[in-house]
Amino acid sequence: MSDTGQDITQQTLAEAARLLGAGALPAARDVLDALLAERPDEPQALHMRGVVALQQGDKAAAETLLERAAKLRDGDPQVLNNLANAQVAMGKWEAAEATLERVIALAPDYAGAHYNRANMRREHGNTEAAIT
């Protein structure tokens, strides 16, 4: 990709992040969909689009998008943490637990993964495991 193409991609991602942060989910979705139409394997766009889908309640699309992003950005704790959130939303507890364990192994100080794992365990009545 040319420098100009990278600049445009980064500008588009920044705009999508701004919209997402402002809660303008439909607008963020549209910006990301347009980018993904041109660059279907852009990992940050897939990640952000998965987050938008999850926030809009489209759990299956979120999981698919976040799985694709995770494959392209292998070992990215933020992507994997959001994938685990989608897996929890889909009721895939064992997959989510395994994903969160992977996040914690990759980034032991990633508080979000510890928090999500504790909440998931608590929701399943495993209070003791939630606090360890």
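D76 forms a salt bridge with R73, and the closest N and O atoms of the pair are 2.6 Å apart. A salt bridge here is a side-chain nitrogen of Lys or Arg within 4 Å of a carboxyl oxygen of Asp or Glu. The model is predicted: local features need pLDDT of at least 70, side-chain atom pairs count only at pLDDT 80 or more, and totals for chains, interfaces and linings use all residues. Residues are numbered from 1 along each chain as its sequence is written, and side-chain values use heavy atoms, with hydrogens and water left out.

D76 counts as buried, at 14% relative accessibility, while R73 is partly exposed, with a relative accessible area of 26%. Buried means under 20% relative accessible area, exposed means over 50%, and partly exposed lies in between (1.4 Å probe, protein chains only). D76 also caps the N-terminal end of helix 5, where a side-chain oxygen lies 2.9 Å from the backbone nitrogen of Q78. Helices (H or I, at least four residues) are DSSP runs, numbered from the N terminus.

## Other salt bridges

A search of the whole structure finds 11 salt bridges. One of them joins D41 to R68, with the closest N and O atoms 3.7 Å apart. This pair links distant parts of the chain, as D41 is in the loop between helix 2 and helix 3, R68 is in helix 4, and the two are 27 residues apart. D41 counts as exposed at 51% relative accessibility, and R68 counts as partly exposed at 34%.

R102 forms a salt bridge with D74, the closest N and O atoms being 2.5 Å apart. R102 lies in helix 6 and D74 in the loop between helix 4 and helix 5, so the pair ties together parts that are 28 residues apart in sequence. R102 is partly exposed, at 36% relative accessibility, whereas D74 is exposed, at 59%. Side chains of opposite charge can pair when their charged atoms come close.

## Helix 4

The 14 residues of helix 4 should span 20 Å at 1.5 Å a residue, and its end C-alpha atoms are 20 Å apart, which agrees. The expected span of a helix is 1.5 Å times one less than its number of residues.

In this helix, A62, E63, L65, L66, A69 and A70 are buried. The buried residues of helix 4 pack against helix 3 and helix 5.

## Helix 5

V79, L80, N81, N82, L83, A84, A86 and Q87 are buried in helix 5. The buried residues of this helix pack against helix 3, helix 4, helix 6 and helix 7. Just after helix 5, G91 takes a positive phi of about 80°.

A86 is in helix 5 and counts as buried at 0% relative accessibility. Leaving aside its neighbours within four places in sequence, A86 is in contact (heavy atoms within 4.5 Å) with L54, A62, E63 and L66. The C-alpha atoms of A86 and R117 are separated by 13 Å, the two residues being 31 residues apart along the chain. Q87 also lies in helix 5 (residues 77-89) and is buried, with a relative accessible area of 6%. With neighbours within four places in sequence left aside, Q87 is in contact with E63, K92, A95, A96 and T99.

## The nonpolar core

The largest nonpolar core has 31 residues, and those with the most contacts inside it are L13, L20, L32, A45 and V52. Helix 1 (3-21), helix 2 (25-38), helix 3 (43-55), helix 4 (59-72), helix 5, helix 6 (93-106) and helix 7 (111-123) each supply at least two residues of this core. The largest share, six residues, comes from helix 3. A nonpolar core is a set of buried Ala, Val, Leu, Ile, Met, Phe, Trp, Tyr and Cys residues joined through side-chain atoms within 4.5 Å.

A45 is in contact with L13, L32, L35 and L36, leaving aside its neighbours within four places in sequence. In soluble globular proteins, nonpolar side chains tend to be buried together.

Notes:
Polar contact = N/O pair within 3.5 Å; in protein donor to acceptor, adjacent residues only side chain to side chain.
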